[in-house]
Amino acid sequence: MDSDSRIASLTDVPTESTFLFRVATESGERREAILVRDGRSASSTDEGDIDVHCWLNYCQHFTHIKLDKGTGAAMRNGELVCENHGAYFEPDSGVCTFGPCEGARLPGLEVTVRDGGVYLTDDEYEFVGPGPIDDGDDLTSTSNVEF
Ligand code: FES
């Protein structure tokens with residue numbers, strides 16, 4: 001793990017929302033991803049107790065819809081919520097437990113918590129920076145148009 005793969009400080013990952021950042025695939029396509037604390041460790045301040053999970057920032061009902069639209073994803077009862085049609089996703093498994101894509105799973109990225117930081121340790125992605133993709137830079141599919 002080097003400083004280039006450091007996504008954020010552990011304290012930057014909110015207890016009841018998400019930390020948004022950008023990644024690039026091996027072919028150079030940009031994607032957004034989110035860090036979320038596991039519900040069981042959400043309020044802990046002890047690094048050894050804190051589980052942080054990482055998911056691509058796209059609902060599995062309509063995959064152009066972002067869970068975190070730039071101000072943190074909504075969470076209810078410890079689960080991520082897509083505010084478009086109310087799908088719920090478990091923060092630790094990424095599985096949709098309720099809603100129009102029930103049973104689907106958010107695509108995950110591997111991260112590691114060490115020395116107060118969260119690092120991207122997934123060979124398929126490279127850390128780009130914190131925050132959302134600029135609209136003009138968004139290369140995600142728009143073929144799944146919502147009607
Ligand atoms: S787009 Fe997320 S629930 Fe419909």
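Okay, let's start with E124, which sits in the loop between β11 (117-120) and β12 (125-130); strands here are DSSP runs of E, at least two residues, numbered from the N terminus. Bear in mind that this is a predicted model, where local features need pLDDT of at least 70, side-chain atom pairs count only at pLDDT 80 or more, and totals for chains, interfaces and linings use all residues. Residues are numbered from 1 along each chain as its sequence is written, and side-chain values use heavy atoms, with hydrogens and water left out.

Back to E124. Its relative accessible area is 52%, so E124 counts as exposed; the cut-offs are under 20% for buried, over 50% for exposed, and partly exposed in between, with a 1.4 Å probe and protein chains only. E124 also belongs to a negative surface patch, together with E26, E110 and D123. For a patch, residues need over 30% relative accessible area and no salt bridge, and like charges are joined within 9 Å.

Now, salt bridges. How many are there by this rule? The count comes to 2, where a bridge is a side-chain nitrogen of Lys or Arg within 4 Å of a carboxyl oxygen of Asp or Glu. One pairs E29 with R31, the closest N and O atoms being 2.8 Å apart. E29 is partly exposed at 32%, while R31 is buried at 19%.

The other salt bridge joins K66 and E32, at 3.1 Å from N to O. This pair links distant parts of the chain: K66 is in the loop between β4 and β5, E32 is in strand β3 (residues 30-37), and they are 34 residues apart. Buried or exposed, what is E32? E32 is buried, with a relative accessible area of 0%, and K66 is buried too, at 16%.

Staying with side chains, H53 in strand β4 (residues 52-56) makes a polar contact of 3.4 Å with the side chain of D38. That term means a pair of N or O atoms within 3.5 Å, one able to donate a hydrogen and the other to accept it within protein, and residues adjacent in sequence count only if both atoms are side-chain atoms. H53 counts as buried at 17%.

Last topic, backbone. Most residues other than glycine have a negative phi. Which loop holds N77? The one between β5 (74-76) and β6 (79-81), and N77 has a positive phi of about 50 degrees. D115 likewise has a positive phi of about 50 degrees, and is found in the loop between β10 (111-114) and β11. N77 is exposed at 78%, and D115 is exposed at 67%.

Technical notes: Patches are made of residues with over 30% relative accessible area and no salt bridge: like charges are joined within 9 Å, nonpolar side chains (Val, Leu, Ile, Met, Phe, Trp, Tyr) within 5 Å. Accessible areas come from the Shrake-Rupley method with a 1.4 Å probe; for residues, only the protein chains shown count as cover. Lys and Arg count as positive and Asp and Glu as negative; His and the chain ends are not counted. The place of a charge is taken as NZ of Lys, CZ of Arg, CG of Asp or CD of Glu. Helices (H or I, at least four residues) and strands (E, at least two) are DSSP runs, numbered from the N terminus.
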